[in-house]
Amino acid sequence: MSADHQSPGDSPFQSEASLRDAAPQHVLPLVVRLERSAPPARTDALETAARAVLVMLCDERSLGDGAWARAVRDWQDARIRKVVRRARGAEWRRAEALDGITVGGKTAEVRVFPPVPLDGWPKDLARLQVSGTDLDDPEPPAAADPAVPVIWLNPELRMSAGKAMAQAGHGAQLAWWELSEEERDAWRASGFALAVRTADPARWRELTTSGLPLVRDAGFTEIAPNSCTVVADHPALRRERPAEPQM
């Protein structure tokens with residue numbers, strides 16, 4: 001079953017058993033450049049990772065008969081897993097030599113690769129560190145522009161930067177699936193403008209009951225299964241949308 005047409009209770013991010021678990025499992029690798037002398041700011045890294053996922057989804061290699069299309073379809077038909085690893089120096093140069101896309105932010109560089117089987121990572125990516133990736137913001141990020149899509153983080157969860165980058169990517173992907181082609185084109189034309197922010201507790205409670213795309217993590221790493229991690233607040237999804245016809 002395509003991930004673009006989910007049946008109720010068959011979320012690609014939740015931990016309950018579903019048809020997705022019977023499909024071969026794949027993972028989307030992302031690598032953040034983490035040089036000792038110039039680490040990226042945390043918020044910029046999260047935003048860059050989210051944009052990298054969107055860039056990969058609409059790349060011509062991911063569509064139709066493109067070189068990545070089969071891998072992307074297999075990945076989306078199973079659990080939507082993303083793993084963020086870190087690289088510096090020669091590690092980063094080897095990662096850049098592999099088939100993928102590098103997306104840059106103000107301070108961050110993230111390279112996204114086509115999905116791979118869980119046990120089929122390229123050796124130059126498999127050897128990279130995944131746990132313990134953490135970053136700081138030199139100063140608190142500015143308030144998000146209400147005209148820009150915002151990926152809101154759960155204020156009650158503590159996540160490493162790598163985990164939060166993956167969750168931001170999940171949120172961006174859910175928003176992308178909900179948009180019309182016209183809305184997708186507009187977002188693409190903006191360069192996938194977006195913000196990632198931590199909601200205050202009162203706002204978070206509102207967001208989780210708003211009907212906006214919500215990620216419930218499967219609990220493979222760091223946090224408990226079914227934890228609500230992010231809400232994708234895209235302006236095009238805030239207005240009342242027509243009801244889908246019953247099938």
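Me: What is the average pLDDT of the protein?

Reply: The average is 88, and 85% of the residues score at least 70. pLDDT is the predictor's confidence on a scale from 0 to 100.

Me: Which stretches should not be read in detail?

Reply: Where pLDDT is low, the predicted coordinates should not be read in detail. Residues 1-10 stay under 50, with 20 contacts beyond four places in sequence. Residues 241-247 are also below 50, with five contacts beyond near neighbours in sequence.

Me: In what order do the four strands of the open sheet run?

Reply: The order is β7-β6-β9-β8, with mixed pairing. From one strand to the next, the twist averages 20 degrees.

Me: Why do β7 and β8 stand at the edges?

Reply: β7 (195-198) and β8 (214-216) each have a single partner strand, so one side of each has no neighbour in the sheet.

Me: How do you know that β8 and β9 pair?

Reply: Pairing requires at least two bridges. β8 and β9 (residues 228-233) have three, in the antiparallel sense. Arg-216 stands opposite Cys-228 in β9.

Me: What makes α5 a helix that packs on the sheet?

Reply: Contact means heavy atoms within 4.5 Å. Helix α5 (residues 161-178) touches β6, β7, β8 and β9, and its direction makes about 40 degrees with that of β9.

Me: Which strands does α1 lie across?

Reply: Helix α1 (residues 42-58) lies across β6 (150-153) and β7, at about 130 degrees to β7.

Conventions
Residues numbered from 1 in each chain as written. Predicted model: local features only at pLDDT ≥ 70, side-chain atom pairs only at ≥ 80, totals over all residues. Heavy atoms only, no water. Helix = DSSP H or I, 4+ residues; strand = E, 2+ residues; numbered from the N terminus. Axes fitted to C-alpha atoms, helices over the stretch in contact; angles between N-to-C directions.
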